[in-house]
Amino acid sequence: MPLRSTFAISSGASDERDCIILEVTVDGIKGYGECVAERDPSYSSETVGTSWHILNEFLIPEILGKDFKEPGDFQPKVSFIIKGHLMCKAAVEMALWDVKGKQEGKSLKTLIGGVRSKVDVGVSVGIQESPQALVKVVEGYVKQGYKRIKLKIKPQRDIAETRAVRKAFPDMRLQVDANSAYNIESAKDLKPLDELDLLLIEQPLNEDDIIDHAQLQPQFKTPICLDESILCVRHARQAIDLGACRIINIKPGRVGGITEAMAIHDLCQQRNVPVWCGGMLETGVGRAANLALASLPGFILPGDISATERYFFEDITQQWFTLNNDSTITVPEAPGLGIDIDPDNLEKYTLAKMTIP
Ligand code: OSB
Ligand code: MG
């Protein structure tokens, strides 16, 4: 699906969103799931191509025709024989949550114990040509009503950009995301950010650098937030125990599904660590799931869940998510994910199809 504007992060830019949509049939009820892996392995090692392969050759054959009581119940059965590929597992789980909700006539929000009917959201703004261009883009989103802005940064494109936005919007809830573009040495260059009253600095170092993040955090007043580094509840516990971060970004796709996302949420609540819901430029399918997750009580910071028009010209769901005037988006209340697929748009954007009977 073409993006409305190029989205650039430290590791690369994209103009289009490729993704896999799963349609699962259980006892005649159809559920939908979105695999958030991207075309390129630049954010995560998983891609649309690896997901297609793993779903087709391993994950789906392993669980097809078997009985599972809860959407997450297939996970322990496959975790040892199918290592990793968490975005594939999350896609299957999302479709099973959708089925369960439709079976029971309950929304995903109700099934998981969500407490909010609308959730605070912000926009994740890609790297722009210049600090001035960035301020202009941010201004556009502020005019639309977003009250929290996240800036993507990379070396040499960090301090001047963030300062310019802070100067233009002195009271804005502002945060930055490096997508692991620094190492323990070069992260010293980020020190001036500490004076800009940021909510958090997201994933400055590599995915597997929890220990270096623990060295870095005490050097900053601003909380470090981990995204790529946290793939499961164990990682969350280890990062909190080591002092590697003070905030965690939870993306159900990255951690293998809603069930693991809830476990991380529960741990963080016990440990007094604020969490927020990240995004992966999802279609309406994944966006609906993120909204339900973000309705859990521990999601106290605004999520990267923007209105549909921030991403796409049209969507594959009939639902078109809009921003309320208090910088929130309303959580779907219909059974399951609470979305209906737009069959014409789905067909229009389909590049390949696979049916596993
Ligand atoms: O690091 O949070 C990230 C998008 C793709 C890959 C990684 C990230 C992002 C975003 C976009 O920041 C969040 C959104 O969906 O709006
Ligand atoms: Mg991130």
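A: Domain bounds, as used here, come from an automatic or database domain assignment. On that basis the chain is divided into domain 1, which covers 2–105 + 340–349, and domain 2, which covers 111–330. This is a predicted model, in which local features need pLDDT of at least 70 and side-chain atom pairs count only at pLDDT 80 or more, while totals for chains, interfaces and linings use all residues. Residues are numbered from 1 along each chain as its sequence is written, chains are lettered from A and ligands numbered from 1 in the order in which they are written, and side-chain values use heavy atoms, with hydrogens and water left out.

The C-alpha centres of the two domains lie 22 Å apart. Taking contact to mean heavy atoms within 4.5 Å, 37 residues of domain 1 are in contact with 42 residues of domain 2.

Donors are N, O and S atoms within 2.8 Å of the metal (3.2 Å for Na, K and Ca), and sites may look incomplete, since water is not among the atoms. The protein donors of the magnesium ion are D177 (OD), E202 (OE) and D227 (OD), at 2.1 to 2.3 Å from the ion, and in sequence these residues are spaced D-x24-E-x24-D. With helices (H or I, at least four residues) and strands (E, at least two) taken as DSSP runs numbered from the N terminus, D177 belongs to strand β8 (residues 173–177), whereas D227 sits in the loop between β10 (224–226) and α8 (233–242), so that this pair, 50 residues apart, links distant parts of the chain. Buried means under 20% relative accessible area, exposed over 50%, and partly exposed in between (1.4 Å probe, protein chains only). By that rule D177 is buried because its relative accessible area is 0%, and D227 is likewise buried, at 0%.

Ligand 1 comes next. A residue is near a molecule or strand if one of its heavy atoms lies within 4 Å of it; of the 16 residues around ligand 1, those that come nearest are S124, K152, N179, L281 and Y311. L281 takes part through its backbone, where an N or O atom lies 2.9 Å from an oxygen atom of ligand 1.

Beyond the ligands, the packing of the chain can be described by its cores. A nonpolar core is a set of buried Ala, Val, Leu, Ile, Met, Phe, Trp, Tyr and Cys residues joined through side-chain atoms within 4.5 Å. The largest has 83 residues, and those with the most contacts inside it are I149, L151, L193 and I248. Both domain 1 and domain 2 give residues to this core, so it lies between them. A second, separate core of 23 residues includes I63, F74, V78 and I82. Leaving out residues up to four places away in sequence, L193 touches I153, I159, T162, V176, L198, I201 and T222.

In helix α10 (residues 284–293), 10 of its 10 residues are buried, among them G284, R287, N290 and L293. In helix α9 (residues 258–270), A263 counts as partly exposed because its relative accessibility is 28%. I258, also in α9, counts as buried at 3% relative accessibility, and, apart from neighbours within four places in sequence, I258 is in contact with E93, W97, L108, I112, P252 and A289.

Most residues other than glycine have a negative phi. D197, in the loop between β8 and β9 (201–202), has a positive phi of about 55° and counts as exposed at 61% relative accessibility. N272, in the loop between α9 and β12 (275–277), has a positive phi of about 60° and is exposed at 70% relative accessible area.

Methods: Polar contact = N/O pair within 3.5 Å; in protein donor to acceptor, adjacent residues only side chain to side chain.
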